[in-house]
Amino acid sequence: MRHSAYRVAEEFDHLLGDPRDAGRLFSHARSLVLDEREEFPLEICRELDLLGLPAHYVPVAHGGAMRAFEDTLQIMRGIARRDLTVAIAHGKTFLGAASVWVAGDPRQSRELGAEVLRGTPVSWGLTEREHGSDLLAGEVRAERTAGGYRVTGEKWLINNATRGDLVCVLARTAPEGGSRGFSVLMIDKRGLEPGSFRTLPAARLHGIRGADISGVAFTGAEVDRSALIGAEGDGLEIVLKSLQLTRILCAALSLGALDQALDMATGYALARHNHGTPLVELPQSRRLLARSYADLLTAEALTVFAARALHTLPGELSTVSAVTKFLVPTLAEQALGRLSRLVGTRSLLLGDTFEHGRFQKVLRDHRIVGIFDGSSVINLNSLVNQFPLLARAHRRGEVDEAGLHAAAGLADPLPELDPARLELLPRRGSSVLHAVPAAVAELHSLAAAGEVPASLARRAAELAEVVDEVIEQIGRHKPVPVAAPARSFGLAENYARCFAAAAALQLWLRNRAAVDSAATHGLWESGLWLECTLTTLLRRLRPTRTERLVAGGGEDPEAVVDQLVEPLLGQHAAGRLPSLLPYSRLGALV
């Protein structure tokens, strides 16, 4: 099976050519030069426009090419694999437009779609200098006038705030503020009176040095009433629903960064020798590679499921998106740290010593991904706020069978993307977690028939135990009006890990017979990648149990993860990326 979203991404990547060719406009060499100059990748972004990338930011209903959200996500992953700065700089337009896809009327959606297709950059003005992610503290005001609104105030640390012709602004429309005191305005800077706004200097950054992370200050800027998206007072709800889209897209940035780093580290381990022994044959090196690959596969499985769930389980996306935005960048950051230890000092070097300095750029650039569209703390806090609802829904155990199967079954057709179906709260809970007992029973049947190892069935049974424990703890959690205690965040982390494990279980069960085992070098055979994913997540869910087993002389549960080295090396040798599904490496279709 060649999954269609991966094929779409491969074809787009092929149009850009091999990034190892310094003669290409979008090459590794050019990206590194621009990074050292702290220069915006303008020509690269123009090439992406010419190749039609903006169309993938616009749903088909509004004149674009976005039929499946996962197509856009995998294309963005491919761009991030070349250069995170470019992915962040260009992809911001989707983030800026998302509020219109969620709540705009047909005219607004059609007109914005046309702007995006023309390559007009769109920015998203949420944060402010003194308030950061505290959206309800925002001070940018939009006062009603006879013809619309007069906007005053400053948005700061905004991606493409200077370059963006359009800026989607969350503004205070009621002096008292509150949850119904904010509205969303799509402001066209090209139509504002001179002197009614000014752009702020770009911030100097540790990573993504060439990105336009700046700000915009309005001084009595007059905007027409037609700039209002949705109803007045609906701003916070619109933004929170839009974040469900953008947080999942951010996972593409982490996957692309880890694709780069793991590919470089694998090549290094194959080429480097230590006292005559290839680095890749040393046990510690193999474990660093295997654990990093396991984290990539876990993050990839969760992301694939989440992108499809946006179509099939829209009422559950407040949970899905928070889990994805917390866990995928976290897993990537952990894996990047391991791989930097494997590569050693070369992971910090500029110049031609190792991969022209690409590794250090990936390390720097990725650190900002965890902050975009809500930091890890904010996403965990979102889960904490959902605890009472999630616990009650889990006791009922309702499963949206059709939605769950379509989210996990890669051959299943997806319904049209309809952001209007998103909800602020998961009233039915989480179908994928409710379905864990049935999935575990299915896996036990496969083990009894000899189709998967008994160890995999045991891992799945342990997952079911942990899910029950975590849900029981969530049910005992007492909501607090202001600041949640630290232990609540640890519980939210465990909930996210359980969710990722359950999503992986569904993904393997629904696609195990369709994926070409040879093309993935045995990853799917006998549930290898699934067992490795469950093993690494359970180790984090039950760390003391693993330590006791090893200390007592028992079998190291993580030994199975070491088996991932061979599929990793096989994919590398075949010119494929390290991935759950067949995916050709860096610009050359296989």
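The legends below all refer to a predicted model.

View 1. Glu462 is found in helix H15, which covers residues 454-476. With a relative accessibility of 10%, Glu462 counts as buried, because the cut-off for that class is under 20% relative accessible area.

**View 2. The packing of helix H15 against helix H17.** The axes of H15 and H17 are 10 Å apart, and the two helices pack at an angle of about 40°. H15 is therefore oblique to H17, and the crossing of the two helices is left-handed.

View 3. Although Ser526 is not a glycine, its phi is positive, at about 55°. Most residues other than glycine have a negative phi. Ser526 is partly exposed, with a relative accessible area of 36%, whereas Glu525 counts as exposed at 51% relative accessibility. The side chain of Glu525 is joined to the side chain of Ser517 by a polar contact of 3.4 Å. Glu525 and Ala513 are 12 residues apart along the chain, and their C-alpha atoms are separated by 9.3 Å.

**View 4. Leu157 in strand E3.** Leu157 has its place in strand E3, which covers residues 148-159. The phi of Leu157 is near 55°, which is a positive value in a residue other than glycine. At a relative accessibility of 38%, Leu157 counts as partly exposed.

View 5. Lys325 is found in helix H9, which covers residues 317-343. Lys325 is buried, with a relative accessible area of 1%. Its side chain reaches the backbone oxygen of Val369 at 3.0 Å. When the neighbours within four places in sequence are left aside, the residues in contact with Lys325 are Arg247, Cys250, Val369, Gly370, Ile371, Phe372, Asp373, Gly374 and Asn379.

**View 6. The packing of helix H5 against helix H7.** Helix H5 (residues 84-103) packs against helix H7 (residues 235-271) at an angle of about 160°, and their axes are 9 Å apart. This angle makes H5 roughly antiparallel to H7, because angles over 145 degrees are placed in that class. The crossing of H5 and H7 is right-handed. From H5, the residues Leu84, Ala87, Ile88, Phe94, Leu95, Ala98, Ser99, Val102 and Ala103 meet Ile238, Lys241, Ser242, Leu245, Thr246, Leu249, Leu253 and Ala257 of H7. By class, the contact of H5 with H7 has 13 nonpolar residues, together with 3 polar and 1 charged.

**View 7. The packing of helix H3 against helix H5.** Helix H3 (residues 42-50) and H5 pack at an angle of about 55°, and their axes are 10 Å apart. That angle makes H3 oblique to H5, and H3 passes H5 in a right-handed crossing. The contact is made by Ile44, Cys45, Leu48 and Asp49 of H3, together with Val86, Ala89 and His90 of H5. The residues of the contact of H3 with H5 divide into 5 nonpolar, 1 polar and 1 charged.

Note on methods
Residues numbered from 1 in each chain as written. Predicted model: local features only at pLDDT ≥ 70, side-chain atom pairs only at ≥ 80, totals over all residues. Heavy atoms only, no water. Axes fitted to C-alpha atoms, helices over the stretch in contact; angles between N-to-C directions. Helix = DSSP H or I, 4+ residues; strand = E, 2+ residues; numbered from the N terminus. Parallel < 35°, antiparallel > 145°, perpendicular 65-115°, else oblique. Left-handed = near helix turned anticlockwise from the far one by under 90°. Contact = heavy atoms within 4.5 Å. Nonpolar A, V, L, I, M, F, W, Y, C, P; charged D, E, K, R; others polar. Buried < 20%, exposed > 50% of the residue type's maximum accessible area, 1.4 Å probe, protein only. Polar contact = N/O pair within 3.5 Å; in protein donor to acceptor, adjacent residues only side chain to side chain.
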